[in-house]
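Subject: Structure handover

Hello,

Here is the structure I promised to pass on. My notes follow below it.

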Amino acid sequence: MRLALFQPDIPQNTGTLLRLGACLDLPIDIIEPCGFIFNEKAMKRAGMDYLNMANYRRHNSWQDFLRYREEHSDEYGRIILLTTHASQPYTTFEFHSNDIILMGRESAGVPEAVHQIADARLLIPMNSKARSINVAVSAVMVVGEALRQTNLFPHE
């Protein structure tokens, strides 16, 4: 299981998700360009002292990410896009242990080309009057369910 962030805009969300990855032994892929300067100072503020525990890889572009995924197909499985433009709730989806849960940009989601490549598009059921849930909170909800289904929570 992996979490991928498509061109994240907000360093605090990225730091929060890197901390999540560190705590849950969940690898994170950062697909650039980011909407902020990705450096140790920005990430330390948001990810605190967990940054050095996080297993993350930065990709220069979406195409670089796709190439890397193809070269490492044993670790990188289906792309599962979390989007408000989906019809299937994540609660009814069967996750696999090598799935990549892809989160879109906070400001714009992902382009149509990324939607088309995704193997599945999932949504979080919510109040119809609301626009969206914070990307970090959304990721936590879906990652929690995916790890539960695949029994991949860390065991001590």
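Asn 151 counts as exposed, because its relative accessibility is 56% and the cut-off for exposed is over 50%. Asn 151 sits in the segment after helix 5. Its phi is positive, about 55°, although Asn 151 is not a glycine. Please keep in mind that this is a predicted model.

Gln 7 also has a positive phi, near 45°, and is a residue other than glycine. Gln 7 lies in the loop between strand 1 (2–6) and helix 1 (11–24). Is Gln 7 buried or exposed? Its relative accessibility is 16%, so Gln 7 counts as buried.

One peptide bond needs a look as well. The bond from Glu 32 to Pro 33 is cis, with omega near 10°. Pro 33 belongs to the loop between strand 2 (28–31) and helix 2 (40–47).

Arg 58 is in strand 3 (residues 56–59) and Glu 32 is in the loop between strand 2 and helix 2, so the pair ties together parts that are 26 residues apart in sequence. Glu 32 counts as buried because its relative accessibility is 14%. Arg 58 has 40% and therefore counts as partly exposed.

Now the other salt bridges. How many are there by the rule used? The count comes to eight. One of them joins Asp 9 to Arg 105, with the closest N and O atoms 2.6 Å apart. Asp 9 lies in the loop between strand 1 and helix 1, and Arg 105 in the loop between strand 6 and helix 4 (112–117), so this pair ties together parts that are 96 residues apart in sequence. Asp 9 is buried, because its relative accessibility is 16%. Arg 105, at 24%, counts as partly exposed.

Arg 67 and Asp 64 meet at 2.3 Å, N to O. Both residues lie in helix 3 (residues 62–71), three residues apart, which is about one turn of the helix. Arg 67 is partly exposed at 45% relative accessibility. Asp 64 is partly exposed too, with a relative accessible area of 23%. There is also a network: Arg 2, Asp 29 and Glu 75 are joined by salt bridges that share partners.

Next, strand 4 (residues 79–82). In a regular strand, side chains alternate between the two faces of the sheet. Strand 4 is covered on both faces. Ile 79 and Leu 81 are buried on one side, and Ile 80 and Leu 82 are buried on the other.

Which strands pair with strand 4? Strand 6 (residues 100–103) pairs with it in the parallel sense over four bridges. Here Leu 82 has Met 103 as its bridge partner. Strand 7 pairs with strand 4 in the parallel sense as well, over three bridges. On that side, Ile 80 has Ala 120 as its bridge partner.

Met 103 comes up again at a cavity. A search of the whole structure finds one cavity of 30 Å³ or more. About 40 Å³ of space lies in the largest cavity. Its lining residues are Leu 5, Phe 6, Pro 8, Asn 13, Thr 14, Leu 17, Met 103, Gly 104, Glu 106 and Val 135. Which element supplies the largest share of that lining? Helix 1 does, with three residues. Strand 1 and helix 1 each supply at least two.

Last, the surface. Met 126, Ile 133, Val 137 and Met 141 form a nonpolar patch there. Together they have about 280 Å² of accessible area. Ile 133 is in the loop between strand 7 (120–123) and helix 5 (135–150). Its relative accessibility is 30%, so Ile 133 counts as partly exposed.

Best wishes

Definitions and conventions: Residues are numbered from 1 along each chain as its sequence is written. This is a predicted model: local features need pLDDT of at least 70, side-chain atom pairs count only at pLDDT 80 or more; totals for chains, interfaces and linings use all residues. Side-chain values use heavy atoms; hydrogens and water are left out. Patches are made of residues with over 30% relative accessible area and no salt bridge: like charges are joined within 9 Å, nonpolar side chains (Val, Leu, Ile, Met, Phe, Trp, Tyr) within 5 Å. Accessible areas come from the Shrake-Rupley method with a 1.4 Å probe; for residues, only the protein chains shown count as cover. A salt bridge is a side-chain nitrogen of Lys or Arg within 4 Å of a carboxyl oxygen of Asp or Glu. Buried means under 20% relative accessible area, exposed over 50%, partly exposed in between (1.4 Å probe, protein chains only). Two strands pair if DSSP finds at least two bridges between them. On a 1 Å grid over the protein atoms alone, a cavity is a set of points where a 1.4 Å probe fits but cannot get out, and a pocket is an open set with protein on both sides within 12 Å along at least five of seven lines; lining residues have an atom within 4 Å of a point. Grid points are joined across faces, edges and corners, and a volume is the space filled by probe spheres set on the points.
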